[in-house]
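Q: Please take a close look at a single part of this structure. A connected account of that part and its surroundings is requested.

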Amino acid sequence: ATYDPTTANNVYYWVDGYRLINRCNLVIEGVSNAVNAGIISAAVGDNYIGQAKFLRAITHFELLIHFARPYQFTPGATHLGVPYREVGVDTQAEIDSELLKPRNTVAECYQKVLNDLNDAESLITSSNLNYASKNAAIAFKTRVYLHMRDWDSVITEGNKLTGAYTLTPTPDGPFANSYSNTESIFSIKHSAAINPGVNAALASQYKRRLLVAISPIIWRDPSWLADDKRREEGVMIFTSSGRKFTYKYKDETNYTDAAPVIRYAEVLLNMAEAHARKTSPDLTTSLNLLNQVRNRALANVATQAYTSTSFANASALVGAILKERRIEFLMEG
């Protein structure tokens, strides 16, 4: 509670967010010029532009979460968001004009995020885990629509990925093989030669430097069963000086663990929440989606899985989904 407008983490989250956005805009403009000049084909250019628009969208969305009120704060989300920047600034004239750009409303920002993600879905042709992909844009839309409380759109987008991904058999699968598994949709690549150093690599922060322990509030929550596989020492958790830490990121020497941005487990839980929150909830489908994620971590599915009698109403089921999200995505940002 000591953060203020001068705090380095606040200042540089803003600065580096817009630095990334500006680089995306410069790529979009440069690639468009290269296509127009006949240097590269339209198809190659579209793939690059789609990837840049994906990164521009998710970065603006991240800034919105941290620096603006939630979507539902006012009717129609007419309250102020952040400036949505679509000009690549590399001249004094562009600096002068962009400095005058006001904050967009939250509604305007969300629509622009969705426009960029829709463009990314239609333009991107590559499918590498560590690059923006068509499926990453789809998956991210489930997150954006969830914040908007557009439940039907969450489900529509999520259904597009049915069959494209499957959960790994065990909950440590996306981390034991962070560059080759059936669940990860978009992750940021790190290697011995390409990593963000000790101040940002996840294995450095969470394993070597022990900067963030697991909160005792969630660790002691009775919903997180004592024999849940996500509590397994030396696999997903380790203990130091009596404190519990995540072991999702293991390489504390070269920091090569991929940083997960979105994976299929989140898409399933986003859809589960949407089904439970609809005006006419589909609790059966919601429960099935929740159990897909939770059951793989249970020691005894037959006796520990949630059933239709586990929750008194839709609100109780939503509460369980939110709790499952806290457990499943622990220390993933």
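A: Of the contacts (heavy atoms within 4.5 Å) in the protein with a separation of 6 or more, 68% join residues 24 or more positions apart. The structure is a predicted model, in which local features need pLDDT of at least 70 and side-chain atom pairs count only at pLDDT 80 or more, whereas totals for chains, interfaces and linings use all residues. Residues are numbered from 1 along each chain as its sequence is written, and side-chain values use heavy atoms, with hydrogens and water left out.

The protein has 13 helices and four strands; these are DSSP runs numbered from the N terminus, with helices being H or I of at least four residues and strands E of at least two. Buried residues (under 20% relative accessible area with a 1.4 Å probe, protein chains only) make up 48% of the 333 residues.

Axes are lines fitted to C-alpha atoms, for helices over the stretch in contact, and angles run from 0 to 180 degrees between N-to-C directions. From α10, A265, L268, L269, M271, A272, H275 and A276 meet L283, T285, S286, L289, L290, Q292 and V293 of α11. The residues of this contact comprise 10 nonpolar, four polar and no charged. Here Ala, Val, Leu, Ile, Met, Phe, Trp, Tyr, Cys and Pro count as nonpolar, Asp, Glu, Lys and Arg as charged, and the others, Gly among them, as polar.

Helix α5, residues 134–148, is another partner: its axis and that of α10 come within 9 Å and cross at roughly 35°. This crossing of α5 with α10 is left-handed too. A139, T142, R143 and L146 of α5 make the contact with E266, V267, N270 and E273 of α10. Three nonpolar, two polar and three charged residues form the contact of α5 with α10.

Within α10, A265 may be taken as an example. A265 has a relative accessible area of 0% and is therefore buried. Not counting residues up to four places away in sequence, A265 touches L167, E183, V293, R296, E328 and F329.

Notes:
Buried < 20%, exposed > 50% of the residue type's maximum accessible area, 1.4 Å probe, protein only. Left-handed = near helix turned anticlockwise from the far one by under 90°.
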